[in-house]
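Subject: Structure handover and findings

Hello,

Here is the structure we talked about passing on. Please open it alongside this email.

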Amino acid sequence: MFTSLFARCSPITSPLRNLTIRGSCSKLFVGGLSYDTNEPVLKSEFEKFGDIIEVKVICDHKSGKSKGYGFVLFHSEEAAASALASMNNQLLEGRNIRIKYAQPKGSLHQK
């Protein structure tokens, strides 16, 4: 049930399982966003590191306003690692953003 970060990032022979596992190492959490930052802005800042599969800014379901965080899913783990190293604690639209690898929803490893 509990897997280490190494186990999630290790290549596995099953293509389907590898895809699921790779997602956990190629998806970044982006915190500290300006409430005005939208998905096209986030994508344009991160696409210089590699191909992006999905960008999501999390919004309040009632007001529709940004909650100040989002996720960027890269096609490769290398692109995600490069973006993490380059963009963590950098300014985006006047705010210092925090980048870390995304954890599965409900994960016990969240900090």
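Below is what came out of the analysis, starting with the sheet and ending with a few single residues.

Please keep in mind that this is a predicted model.

The sheet

Four strands form an open sheet, in the order S2-S3-S1-S6, with antiparallel pairing. S2 and S6 (98–101) stand at the edges. Each has a single partner strand, so one side of each is left without a neighbour in the sheet. From one strand to the next, the twist averages 20°.

Strand S2 covers residues 52–59 and strand S3 covers residues 66–74. The two run antiparallel and are joined by six bridges. At one point, Cys59 stands opposite Ser66 in S3. S2 and S3 make a hairpin, with six residues between them. Look at Gly64 in the turn: its phi is positive, about 80°.

S3 also pairs with S1. Five bridges join these two strands, again in antiparallel fashion. Lys27 has Leu73 in S3 as its bridge partner.

The helices on the sheet

H3 packs on the sheet and touches S1, S2, S3 and S6. The direction of H3 makes about 140° with that of S2. H4 lies across S1, S3 and S6. Against S6, H4 runs at about 150°.

The core

Which residues touch the most other members of the largest nonpolar core? They are Val30, Leu42, Phe46, Val72, Phe74, Ile97 and Ile99, out of 19 residues in that core. Strand S1 (27–31), helix H3 (39–46), S2, S3 and helix H4 (77–87) each supply at least two residues. H4 gives the most, with five.

Ile99 is worth a click. Leaving aside its neighbours within four places in sequence, Ile99 is in contact with Leu28, Phe29, Val30, Phe46, Leu84, Met87 and Asn88.

Phe46 is another of the residues with the most core contacts. Phe46 is buried, at a relative accessible area of 0%.

Aromatic rings

There are five aromatic pairs in the count. One of them joins Phe29 and Phe71 edge-to-face, at 5.8 Å centre to centre and 70° between the planes. Phe29 lies in S1 and Phe71 in S3, so the pair ties together parts that are 42 residues apart in sequence. Phe29 is buried, with a relative accessible area of 18%.

A second pair to look at is Phe46 with Phe49. This one is tilted, with 6.5 Å between centres and 55° between planes. Phe49 is buried too, with a relative accessible area of 19%.

Ring pairs also link Phe29, Tyr69 and Phe71 into a cluster. The charged end of Lys27 sits over the Phe71 ring, 5.1 Å from its centre. This is the Lys27 whose bridge partner in S3 is Leu73.

Backbone points to check

Most residues other than glycine have a negative phi. Two residues here go the other way.

Asn89 is not a glycine, yet its phi is positive, about 65°. Asn89 is in the loop between H4 and strand S4 (91–92). Is Asn89 buried or partly exposed? Asn89 is partly exposed, with a relative accessible area of 48%.

Glu93 has a positive phi near 50°, and is likewise a residue other than glycine. Glu93 sits in the loop between S4 and strand S5 (95–96). At 41% relative accessibility, Glu93 counts as partly exposed.

One last residue

Glu47 is in the loop between H3 and S2. Glu47 is partly exposed, with a relative accessible area of 42%. The C-alpha atoms of Glu47 and Ala79 are separated by 9.0 Å. Along the chain, Glu47 and Ala79 are 32 residues apart.

Best wishes

How values were computed. Residues are numbered from 1 along each chain as its sequence is written. This is a predicted model: local features need pLDDT of at least 70, side-chain atom pairs count only at pLDDT 80 or more; totals for chains, interfaces and linings use all residues. Side-chain values use heavy atoms; hydrogens and water are left out. Two strands pair if DSSP finds at least two bridges between them. A nonpolar core is a set of buried Ala, Val, Leu, Ile, Met, Phe, Trp, Tyr and Cys residues joined through side-chain atoms within 4.5 Å. Buried means under 20% relative accessible area, exposed over 50%, partly exposed in between (1.4 Å probe, protein chains only). Contact means heavy atoms within 4.5 Å. Axes are lines fitted to C-alpha atoms, for helices over the stretch in contact, and angles run from 0 to 180 degrees between N-to-C directions. Rings of Phe, Tyr and Trp (its six-membered ring) pair if their centres lie within 6.5 Å; planes under 30 degrees apart count as stacked, over 60 as edge-to-face and the rest as tilted. A charge sits over a ring if NZ of Lys or CZ of Arg is within 6 Å of the ring centre and within 35 degrees of the ring normal.
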